[in-house]
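Please keep the sequence and the model in view while reading.

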Amino acid sequence: MKIGLALSGGGIRGAAHIGVLKALEEGGVPVHMISGTSAGSIVASLYASGYTPREIEEIFLKFDSGVADPDLGKAAPFLVDLILFKRSKARERLDLVDFDFLGVIVFIVNWILRRNAKVDGFIKGNIIENTVRKYCYDKEVYLTKDTIIPLAIPAVDINTAQTIMFVSNKFLMQDTKHMIYIDDAYVWEAVRASAAFPVVFKPKMFRGRRLVDGGITDNVPGDILKHMGADRVLAVNLGYSGYPRKEIDNIFEIAAQSIDVMAYQLSKFKLSDVDYVLKPEIYDVKLLESSRIKECIDRGYIAAKKALPEIKRRLGLNSIYVRTS
């Protein structure tokens, strides 16, 4: 029996997926294939490339700095450094996201001068892409077809509204008007595309397409795992769960909540065939609040550990499995 694991988007909350993987590994729940959207695609790609949950945790904790919180009080120090041209210090602090300050400044100047002013995102996304590239290279995994276990990562062509599904093997998968399958893309390009949260991150240009966050159409990519041959599917949904959030007070959080609410409605239908949906309910962590990465990992672990008996029952596991790699 093959078990698939689907990981949702959720910004920094996506670190909770690492805790879930740790609990599953300890509980003897095997993962034969994995999919992930946005933040979930980062964890999924590293796991599919051969990294253990604890190794992925170590990678994520390197970015536990708190500087990516869009709170102005926390952003002010590195903004001052940038203005004063203290580039080395600014770069040291910007260790998780790379704000496109120059692009924003050019946009403001053009807007003031009443020229053609355009801005398609505040964060370049190069750090995320380069980080995934580095760790994939270390495992000699380059294309999505090279992964140790099957992988699926969705993104969306913002111009055509088509879902671009990056997979390890598109054999027997038929392209449709709304879905295009690709199995020869670099893993890090797929991740960068899927993590291109609208307004916040710049879109990823890929073979003439302008790709953005896969969560727009498939925030918890569980159904693709069934197409890939999974007999049972476990999904981890970190999206909107119905709780009110008072901290939605800036453009990043408004954008995040808007996508979450949309994904919440869509997931009701797309998750109907999933065998079990785990909801750690980490709704109080902001989109880019990197100082809480460790907390998210721990909360994901606790939630999965608590649900482990029910997870095993739903997945039909009557014996202990241990992942070997």
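## A nonpolar surface patch

Patches are made of residues with over 30% relative accessible area and no salt bridge, where like charges are joined within 9 Å and nonpolar side chains (Val, Leu, Ile, Met, Phe, Trp, Tyr) within 5 Å. A salt bridge is a side-chain nitrogen of Lys or Arg within 4 Å of a carboxyl oxygen of Asp or Glu. Accessible areas come from the Shrake-Rupley method with a 1.4 Å probe, and for residues only the protein chains shown count as cover. The model is predicted: local features need pLDDT of at least 70, side-chain atom pairs count only at pLDDT 80 or more, and totals for chains, interfaces and linings use all residues. Residues are numbered from 1 along each chain as its sequence is written, and side-chain values use heavy atoms, with hydrogens and water left out.

On the surface, Ile105, Ile108, Val109, Ile112 and Leu113 form a nonpolar patch with about 450 Å² of accessible area together. Isoleucine 108 belongs to helix 6 (residues 101-112); helices (H or I, at least four residues) and strands (E, at least two) are DSSP runs, numbered from the N terminus. With a relative accessibility of 41%, isoleucine 108 counts as partly exposed; buried means under 20% relative accessible area, exposed over 50%, and partly exposed in between (1.4 Å probe, protein chains only).

Strand 1 (residues 3-7) is largely enclosed by the rest of the structure, because 5 of its 5 residues are buried. Ile3, Leu5 and Leu7 point one way from strand 1, while Gly4 and Ala6 point the other way.

Strand 1 runs parallel to strand 8 (residues 232-236), and 5 bridges join them; two strands pair if DSSP finds at least two bridges between them. The bridge partner of glycine 4 in strand 8 is valine 233. Strand 1 also pairs with strand 2 (residues 33-36) in the parallel sense, over 4 bridges, and there leucine 5 has isoleucine 34 as its bridge partner. From strand 1 the chain crosses through helix 1 (residues 16-26) to strand 2, in a right-handed β-α-β crossover. Right-handed means that, with the strands pointing away from the viewer, the path from the first strand over the helix to the second runs clockwise.

Lysine 22 is part of helix 1 and is buried, at a relative accessible area of 10%. Leaving aside neighbours within four places in sequence, lysine 22 is in contact (heavy atoms within 4.5 Å) with Pro53, Arg54, Glu57 and Tyr301.

Valine 31 sits in the loop between helix 1 and strand 2 and is buried, with a relative accessible area of 8%. Although valine 31 and leucine 5 are 26 residues apart in sequence, their C-alpha atoms are 6.4 Å apart in space. Not counting residues up to four places away in sequence, valine 31 touches residues including Ile3, Leu5 and Ile149.

## Helix 2 and positive phi values

Helix 2 is mostly covered, as 10 of its 10 residues are buried. Among them are Ile42, Val43, Leu46 and Tyr47. Glycine 50, which follows helix 2, has a positive phi near 110 degrees.

Most residues other than glycine have a negative phi. Serine 38, however, has a positive phi near 55 degrees; it lies in the loop between strand 2 and helix 2 (39-48) and is buried, at 7% relative accessible area. Glutamate 140 also has a positive phi, near 60 degrees. Glutamate 140 lies in the loop between helix 7 (126-138) and strand 3 (151-157) and is exposed, with a relative accessible area of 60%.
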